[in-house]
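Student: I would like to learn how to read features from a model of a protein chain. Can we take them one at a time?

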Amino acid sequence: MKEGEEVVVVKGASHVLFATGRVPNTERLNVGAAGVELDEKGYVVTDEFLRTSATSIYAIGDVKGPPAFTHVSYDDFRVLRSALLEKKGKDQGSRMSIAERNVPYVVYTDPQFGHVGLHEYEAREKFPDKKILTAQMPMSYVARALETDESRGAMKAVVDGETGLILGFSCLGAEGGELMSVVQTAMMGNLPYQKLQDAVFAHPTFAESLNNLWGFLK
């Protein structure tokens, strides 16, 4: 060990997974011969319509860089279909694109972790002049979580205090990904948090907790 190196000690574990990440194997493609530009990490550079620097070549999926999710690749397909087939001949503003795409993700740990939108620090950095509010609630306050004996974790929402629009949501808990998807739908429809707060959700469901979360806004 060298002087100044950091040591991580893990106690009570039988296995440790150290993930170093992935790199694209685009060096095998000889993309320079086709005029396709790569970034400094080897990913294919595209515009918001997934067109590369060679205007007749498009790139979708992991080869164009993170986030490397299956649902991102599927949405890339829809953007590409729009660019090549559905919107041909129409104005650029009507075409699907990846600009400002709000990508959710779920980590299937026990319990699940689901997230969509901005984390609190990202919202404060992106909107320094906005009144940013947050609401946090433990899963032990969720009736369905108690009934299923799955009360570990918590949820957190980030809200624009002036408009009530939801900027981000995270849930570490049972069915965290499903709860996140409910909030994501509200975000897609530009619904303020009050619509979830006042919604009539079936009882007993995890979604029912979205009536109560907003009471913790501060």
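**Reading a predicted model**

Tutor: L50 is buried, with a relative accessible area of 0%. Bear in mind throughout that this is a predicted model.

Student: Where in the chain does L50 lie?

Tutor: The segment before helix 1 holds L50.

Student: Which residues does L50 touch, not counting those up to four places away in sequence?

Tutor: Contact means heavy atoms within 4.5 Å. By that rule L50 touches I57, Y58, A59, I60, K64, D76, V79, L80 and I98. Take V79 from that list: L50 and V79 are 29 residues apart in sequence, and their C-alpha atoms are 7.6 Å apart in space.

Student: How is the chain divided into domains?

Tutor: Domain 1 covers 1-87 and domain 2 covers 104-216. Taken over C-alpha atoms, the centres of the two domains are separated by 29 Å.

Student: What does UniProt list for residues 103-211?

Tutor: An unreviewed UniProt entry gives these residues as "domain: Pyridine nucleotide-disulphide oxidoreductase dimerisation". Over residues 103-211 the chain is 28% helix and 28% strand, with 24 Å between the end C-alpha atoms.

Student: Now a single side chain. Is H115 buried or exposed?

Tutor: The cut-off for buried is under 20% relative accessible area. H115 has 3%, so H115 is buried. The residue is found in strand 2, residues 112-117.

Student: What lies 2.8 Å from a polar atom of the H115 side chain?

Tutor: The backbone oxygen of G117 does. Leaving aside neighbours within four places in sequence, H115 is also in contact with P104, Y105, F169, S170 and M180.

Student: How does one check the length of a helix, say helix 4?

Tutor: Compare the expected span with the distance between the end C-alpha atoms. The expected span is 1.5 Å times one less than the number of residues. Helix 4, residues 176-188, has 13 residues and should therefore span 18 Å; its end C-alpha atoms are 18 Å apart, which agrees.

Student: Which residues of helix 4 are buried?

Tutor: They are G176, G177, L179, M180, V183, Q184, A186 and M187. The elements covering them include strand 1 (105-107), strand 2, strand 4 (154-160), strand 5 (166-173) and helix 5 (193-197).

Student: What follows helix 4?

Tutor: N190 follows helix 4, and the phi of N190 is positive, near 55 degrees.

Student: How many aromatic pairs does the structure hold?

Tutor: The structure holds five aromatic pairs. One of them is F69 with Y105, a stacked pair with 6.1 Å centre to centre and 25 degrees between the planes. This pair links distant parts of the chain, 36 residues apart: F69 is in the segment before helix 1 (70-86), and Y105 is in strand 1.

Student: How are the rings of Y105 and F113 placed?

Tutor: Planes under 30 degrees apart count as stacked and over 60 as edge-to-face, the rest as tilted. The planes of Y105 and F113 are at 45 degrees, so the pair is tilted, and the ring centres are 6.2 Å apart. Ring pairs link F69, Y105 and F113 into a cluster.

Student: What is the relative accessible area of F69, and what are the values for Y105 and F113?

Tutor: F69 has 27% and is partly exposed. Y105, at 24%, counts as partly exposed, and F113, at 22%, counts as partly exposed too.

Note on methods:
Residues are numbered from 1 along each chain as its sequence is written. This is a predicted model: local features need pLDDT of at least 70, side-chain atom pairs count only at pLDDT 80 or more; totals for chains, interfaces and linings use all residues. Side-chain values use heavy atoms; hydrogens and water are left out. Helices (H or I, at least four residues) and strands (E, at least two) are DSSP runs, numbered from the N terminus. Buried means under 20% relative accessible area, exposed over 50%, partly exposed in between (1.4 Å probe, protein chains only). A polar contact is a pair of N or O atoms within 3.5 Å; within protein, one must be able to donate a hydrogen and the other to accept it, and residues adjacent in sequence count only if both atoms are side-chain atoms. Domain bounds come from an automatic or database domain assignment. UniProt positions are given in the numbering used here, feature names are shortened, and annotations may be inferred rather than shown by experiment. Rings of Phe, Tyr and Trp (its six-membered ring) pair if their centres lie within 6.5 Å; planes under 30 degrees apart count as stacked, over 60 as edge-to-face and the rest as tilted.
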